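Below are some notes on the model you sent over. They go from the chain as a whole to one helix, and then to the spaces in and on the protein.

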Amino acid sequence: MNISIVGSGYVGLVTGVCLAELGNTVICLDNDKKKIGNLKKGIVPIFEPGLHELIASNVKQKRLKFTSNLKQAVHSSEIIFIAVGTPAMNNGEADHIGIENVARNIAINMPDYRLIVEKSTVPVETGEWVKHTIQNNIKGKIKFDVASNPEFLREGQAINDFMHPDRIVIGVESEKAKNLLVSLYKPLGAQLVITDIKSAELIKHASNSYLAAKISFINAISQICEKSGADVVEVAKGMGLDKRIGPGFLNAGIGYGGSCFPKDVDAFITISEKLGYNFELLKTIKRINQQMLEFFLQKIKNNLWIIKDKTIGILGISFKPNTDDIRNAPSLEIIKALQDEGAKVKAYDPQGAAKAKEILKGVAFCSDSYAVSKGADCLLILTEWDEFKELDLLKIKKLMRHPLVIDGRNIYDPVKLSKMGLKYIGIGRSANFKR
Ligand code: NAD
């Protein structure tokens, strides 16, 4: 099939390249001309494992192209995915101006039937607005369909998630739209959930909010663990083995961040309110998430006493491992709070440093974890990159001024670190636990 993807970010690029890999002819479009210029030269603007290679091979086989010319993209494609960003506004609502602009421009440039698919995460009823916008701007009596096909990929394992999804959600209003999307995704052999547009939109917000709820729930449990002397890792293991609960998203830590969960929880609270439902549960999930950052900062103060002039080493800036994405990463707020109190901050992230340098001022960026540890009064683990799990901790201990590790992701064993002579503070961990 001939397909266009409008918005070539984390979702758009992965969607585009994977659909090309399945044998379709795909145009990835973006209004950021610099990004498109770079992509044409083979420079991929984001770090996502395997993405660079897959783009190169599909470009070579002439199945993947990049453009800023929407007219050209709309003319050559029967299916057009909208994958532009939907960032949060100050009032918590997601900003849909990008979606509206794109819908209008697609309508103006449509030569004949087109299927326009919402891939971006949008609140329930957005499909109605997209339909109205296209209808109001279309020239003549051209037929079209709107569909919702929310994306569930996770950054850091996006290609695998796209190619092997747990399910593909397709919200449609016509047989034609349904058949097009069913044939497009047929090669993946995945379970399809074919439903109406509003339910598809809601599945995405409900899923992300549920996952955020699991994280906040285990984080709340971590507080009870700290107060009672239980160990949250043991509690999570015991809970997760229950098939009704499942082990995923039960890692206590400094809370969720990134470009999706905080924004999607906010947007879901706002849309629920607009629809006349006060979603108290979601508000609490959000509050617990914020509290985890405050508790973490308190742990640092409890152990360092005075923050001013202390050297604090940060391991991990990206909001999760295997990505360079630092949008809404908890690390940013923690670093800012420590700097506000006069700390000297050194940091290392395997992929996120370049983006972090653009927004974090006064941070000494280091080339590895050992350089961060040198002379540090305290080491903070803020992202659970695998390479941090493999560190030579005795070497770290020798390099640090004071061997204090505060682990916001619970990647280390408290007993092991204590035996090595490091002072170790995790989230909801009990040093009493003996394996
Ligand atoms: P992103 O910021 O990485 O990419 C969005 C791209 O859209 C940018 O390159 C931007 O330049 C482009 N863009 C914005 N307005 C445009 C316009 N009018 N015309 C053409 N291009 C335009 O965002 P993302 O992380 O890829 O997320 C996109 C959507 O997918 C969001 O709604 C997000 O919530 C959702 N989503 C994201 C993820 C994720 O893990 N990042 C997962 C599932 C769903």
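**Notes on the predicted model**

1. Buried residues account for 54% of the 435 residues in the protein chain. The protein chain contains 18 helices and 14 strands.

2. On overall dimensions, the radius of gyration is 23 Å, which agrees with the value near 22 Å for a compact globule because that value is the one the rule gives for 435 residues. The C-alpha trace spans about 75 × 45 × 40 Å along its principal axes.

3. On contacts and surface, 72% of the contacts with a separation of 6 or more are between residues 24 or more positions apart. The accessible surface of the protein chain is about 20000 Å², and carbon and sulfur atoms contribute 53% of that area.

4. Which residues of helix H13 are buried? In this helix, residues 330–340, they are Pro330, Ser331, Leu332, Ile334, Ile335 and Leu338. An α-helix has 3.6 residues a turn, so residues three or four places apart point the same way. The cover over the buried residues of H13 includes both helices and strands: helix H12 (280–304) and helix H14 (353–359), along with strand E9 (311–315), strand E10 (344–348) and strand E12 (378–381). Just after H13, Gly342 has a positive phi of about 95 degrees.

5. The second largest pocket has a volume of about 460 Å³. Its lining consists of 21 residues, and the closest to the pocket centre are His96, Pro123, Glu125, Thr126 and Trp129. By class, the lining of this pocket has 10 nonpolar, seven polar and four charged residues.

6. Where does the lining of the second largest pocket come from? Helix H5 (97–109), helix H6 (126–137) and helix H11 (261–274) each give at least two residues to it. H6 supplies the largest share, seven residues.

7. How many cavities of 30 Å³ or more does a search of the whole structure find? The search finds one. The largest cavity has a volume of about 30 Å³. Its lining is made up of Glu118, Ser120, Thr121, Val122, Ser148, Pro150, Glu201 and Lys204. Sorted by class, the lining of the largest cavity has two nonpolar, three polar and three charged residues.

How values were computed. Residues numbered from 1 in each chain as written. Predicted model: local features only at pLDDT ≥ 70, side-chain atom pairs only at ≥ 80, totals over all residues. Heavy atoms only, no water. 1 Å grid on protein atoms, 1.4 Å probe; cavity = no way out; pocket = protein on both sides within 12 Å on 5 of 7 lines; lining within 4 Å. Points joined across faces, edges and corners; volume = space filled by probe spheres on them. Helix = DSSP H or I, 4+ residues; strand = E, 2+ residues; numbered from the N terminus. Nonpolar A, V, L, I, M, F, W, Y, C, P; charged D, E, K, R; others polar. Rg over C-alpha atoms; globule rule 2.2 N^0.38 Å. Buried < 20%, exposed > 50% of the residue type's maximum accessible area, 1.4 Å probe, protein only. Contact = heavy atoms within 4.5 Å. Areas by Shrake-Rupley, 256 points an atom, 1.4 Å probe, with all protein chains shown as cover.
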